[in-house]
Amino acid sequence: HNGLKAATTLHTKTTRLYSTTEKKAEVSNVPIPDPEAYNKLGMDDVVSLCKRRGFIFPSSEIYNGMAGFYDYGPLGSELKKNVKDAWWKTFVHAREDVVGLDSSIIHNPTTWKSSGELKISF
């Protein structure tokens, strides 16, 4: 009987440590970011920070790179995967009228011509 009482007491203490009210109080103490922060930084600042932290690297950088193309470092790969997974969960799994599809964006030029995306002039 004493063992059961000790286990119950331990369980009560454990659940009290993780109570909902304590979590809410903890979250409410998080500082609110500066609302003007988005106006102070430009895309070049974000890209520069990501390059310095190893999230992204310009593709083919040693050969003068290609504008707008980036390779992902370890943290960038994880971030990209998390964003893709969140998008997939929201727009594919959460909807009954949407199904997932993963397709190549490289096609035979005839495909692009037939769809009207490629204009060939001679």
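**Stop 1**

Select Asp-97. This is a predicted model, and in it Asp-97 counts as exposed, because its relative accessibility is 59% and the cut-off for exposed is over 50%. Arg-95 has 40% relative accessibility, so it counts as partly exposed. Side chains of opposite charge can pair when their charged atoms come close.

**Stop 2: Lys-81 and Asp-85**

How many salt bridges does a search of the whole structure find? It finds two. For the other pair, select Lys-81 and Asp-85. Their side chains meet in a salt bridge at 2.6 Å, N to O. Both residues sit in helix α5, four residues apart, so about one helical turn separates them. Check the surface here. Lys-81 is partly exposed, at 46% relative accessibility. Asp-85 is also partly exposed, at 39%.

**Stop 3: the largest pocket**

Which element gives the most to the lining? It is α4, with four residues. To see the whole lining, select these residues:

- Met-43, Val-46, Val-47 and Cys-50, among the lining residues
- Phe-55 and Ile-56, also among them
- Tyr-70 and Tyr-72, also in the lining
- Gly-76, Leu-79 and Lys-80, which complete the list

Color the lining by class. Nine residues are nonpolar, one is polar and one is charged. Lys-80 is the charged one, since Lys counts as charged.

**Stop 4: Pro-58**

Select Pro-58. It is found in strand β1 (residues 56-58). Is Pro-58 buried or exposed? At 18% relative accessibility, Pro-58 counts as buried, because the cut-off is under 20%.

Show its neighbors. Leaving out residues up to four places away in sequence, Pro-58 touches Lys-51, Phe-69, Tyr-70 and Asp-71. Draw a distance from Pro-58 to Phe-69. Their C-alpha atoms are separated by 6.1 Å, although the two residues are 11 apart along the chain.

**Stop 5: the whole chain**

Zoom out and switch to cartoon. The protein has six helices and two strands. From the N terminus on, the elements run α-α-α-α-β-β-α-α. Color by burial next. Of the 122 residues, 7% are buried. Residues 24 or more positions apart account for 2% of them.

**Stop 6: confidence**

Last, color by pLDDT. The mean for the protein is 74, and 70% of its residues reach 70 or more. Where is confidence lowest, and where is it highest? It is lowest in helix α1 (residues 2-17), with a mean of 42, and highest in α5, at 94. Select residues 1-26 to finish. Over this stretch the pLDDT is below 50. Beyond near neighbors in sequence, the stretch has two contacts in the model.

Terms used:
Residues numbered from 1 in each chain as written. Predicted model: local features only at pLDDT ≥ 70, side-chain atom pairs only at ≥ 80, totals over all residues. Heavy atoms only, no water. 1 Å grid on protein atoms, 1.4 Å probe; cavity = no way out; pocket = protein on both sides within 12 Å on 5 of 7 lines; lining within 4 Å. pLDDT = per-residue confidence, 0-100. Contact = heavy atoms within 4.5 Å. Salt bridge = Lys/Arg side-chain N within 4 Å of Asp/Glu carboxyl O. Buried < 20%, exposed > 50% of the residue type's maximum accessible area, 1.4 Å probe, protein only.
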